[in-house]
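Please keep the structure in view while reading.

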Amino acid sequence: MDTIFALSSGAPPSGVAVIRLSGPQAGAVIETLTGGLPEPRVASLRSIRDRNGAIIDRGLVLWFPGPGSFTGEDCAEIHLHGGRAVIDRLLSVLSELEGLRIAEAGEFSRRAFANGKFDLTGAEGLADLIGAETESQRVLAMAQASGALRQLYESWQERLLHARAMIEAEIDFADEDDVPGSVSEQVWDDMERLAAEMRSHMAGAKRAAAVREGFRIVIIGPPNAGKSSLLNALAGSDVAIVSDEPGTTRDVLETRLSLSGQLVIITDTAGIRENAGAIEAEGIRRALARASEADLVLHLSETGRWDFVGDFGGVPVWRVLTKSDLGRTCREDDVLTISSKTEEGLKPLFDSLEKHLSETVGRDVSTLPTRQRHLDNLRLALRDIEAALSFRGDGLELRAESLRRAAFSLGRITGQHGVEDVLGVIFSEFCVGK
Ligand SMILES: Nc1nc2c(c(=O)[nH]1)N(C=O)[C@@H](CNc1ccc(C(=O)N[C@@H](CCC(=O)O)C(=O)O)cc1)CN2
Ligand SMILES: Nc1nc2c(ncn2[C@@H]2O[C@H](COP(=O)(O)OP(=O)(O)OP(=O)(O)O)[C@@H](O)[C@H]2O)c(=O)[nH]1
Ligand SMILES: [Mg+2]
């Protein structure tokens, strides 16, 4: 097994740089560079020297003997000054040592997973935590990194295992007095409940996507309605070109912002009108396509007429009357009235957006399926549970087999296909053979 090393802190220069090592040589490397091993898990100030004894830097050294380390292997860290030349010198000294090589992306975490430090969903959570840009992304990632999904899926696996144990008991030991007859009937109620829980968990995928990839708001409306002006007002900077010439915006333009800790992606689009030229028509086509993929459409109008509305496949559409400073009003009560010029109505718009976000994405974003592979396997598992439920009456072996497959699919999400000990569960629940 190679000993791997990498710069674990951010791009230099930085105040301090952390170089991390993992593998069988980690301890020997620290001895070579610093003249000995410090007390485990305690930061110690040392001179770090190259092979000729020349000091590279003075820094903090940490020694984490395996298996009680992040990767489960012997690990060490060297905290140096974060200058480019300091880091480069240490990295080149390390790469010249026997058995050492620079780590591949994610390799520390891969080794930690291989050593059972966390499951696959935990590894995904760590990746999300490092990528998190908003508070809600952090909360979701932190929960997943801490094992929220693992616990959920493992609790479902246990219920499936128990159900199978009950069924196996009925099949194998029905004639013995210790096992009540038709005990498996009790499990189908729980399997119905489990299927319902799985369906509702899977329905959270859209919320997870809104948290991880951003809640998508698309601004549409006729030319000159003030779409780009609103984008700029929401972004707080001149992202889009604004002019009194209709047809100014021809392409889609995105800006990302954080609204109550939630990533929101706002898209400005080309003004929608009939008889547009070829370039504008393509812009309009893109505008409508974006709107149909949105989580929310803001349909702007300066006249109080909202023509050209499509139904964007169930995407909610809010009507917004613009340029309120010009004096036009609208009687309809489900219309928001704004002026990007005087900023009138922008605060209520923000408030409505925040309220909508908390209602649709929600505040509790701790346990959501965050990956397509979660959904794919959940779908397979649910299909098998539904199949087991629908066999009704006959075919106990078949029904048990469907539940086994469902548990297997869940095990693929956490990355442990585990061979379950069905008999062990039976013996722990009944006194068979006593
Ligand atoms: N300097 C430094 N800071 C860091 C990390 C690191 O590796 N180095 N981390 C890196 O991600 C995070 C902390 N995560 C860590 C997770 C587990 C262990 C660890 O040694 N686990 C052992 C023992 C745990 C214990 O003592 O309770 C284990 O799991 O067996 C270390 C760091 C964030 N901050
Ligand atoms: N008085 C007033 N003028 C506004 C307001 N919002 C935008 N305008 C003006 O309306 C004109 C069109 O604004 P844009 O934001 O470029 O409109 P648009 O909908 O993006 O237009 P296209 O990109 O051409 O489709 C510009 O001259 C803006 O200055 C407003 O709230 N009040
Ligand atoms: Mg525009």
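**Note on the predicted model**

1. By class, the shell around ligand 1 has 3 nonpolar, 2 polar and 2 charged residues. Here Ala, Val, Leu, Ile, Met, Phe, Trp, Tyr, Cys and Pro count as nonpolar, Asp, Glu, Lys and Arg as charged, and the others, Gly among them, as polar. The residues in question are Val 18, Phe 64, Gly 68, Ser 69, Phe 70, Glu 77 and Lys 117; a residue is included if its C-beta atom, placed from the backbone, lies within 6 Å of the molecule.

2. The model is predicted: local features need pLDDT of at least 70, side-chain atom pairs count only at pLDDT 80 or more, and totals for chains, interfaces and linings use all residues. Residues are numbered from 1 along each chain as its sequence is written, while chains are lettered from A and ligands numbered from 1 in the order in which they are written.

3. An open sheet of mixed pairing is formed by 6 strands in the order E8-E9-E7-E10-E11-E12. Its edge strands, E8 and E12 (335-337), each pair on one side only. Strands are DSSP runs (E, at least two residues), numbered from the N terminus, and two of them pair if DSSP finds at least two bridges between them.

4. Strands E8 (residues 253-259) and E9 (residues 262-268) pair in the antiparallel sense over 7 bridges. Thr 255 has Ile 266 in E9 as its bridge partner. The two strands form a hairpin with 2 residues between them, and Ser 260 in the turn has a positive phi of about 40 degrees.

5. E11 (residues 317-321) pairs with E12 in the parallel sense over 3 bridges. Within this pairing, Arg 319 stands opposite Val 335 in E12.

How values were computed: Helix = DSSP H or I, 4+ residues; strand = E, 2+ residues; numbered from the N terminus.
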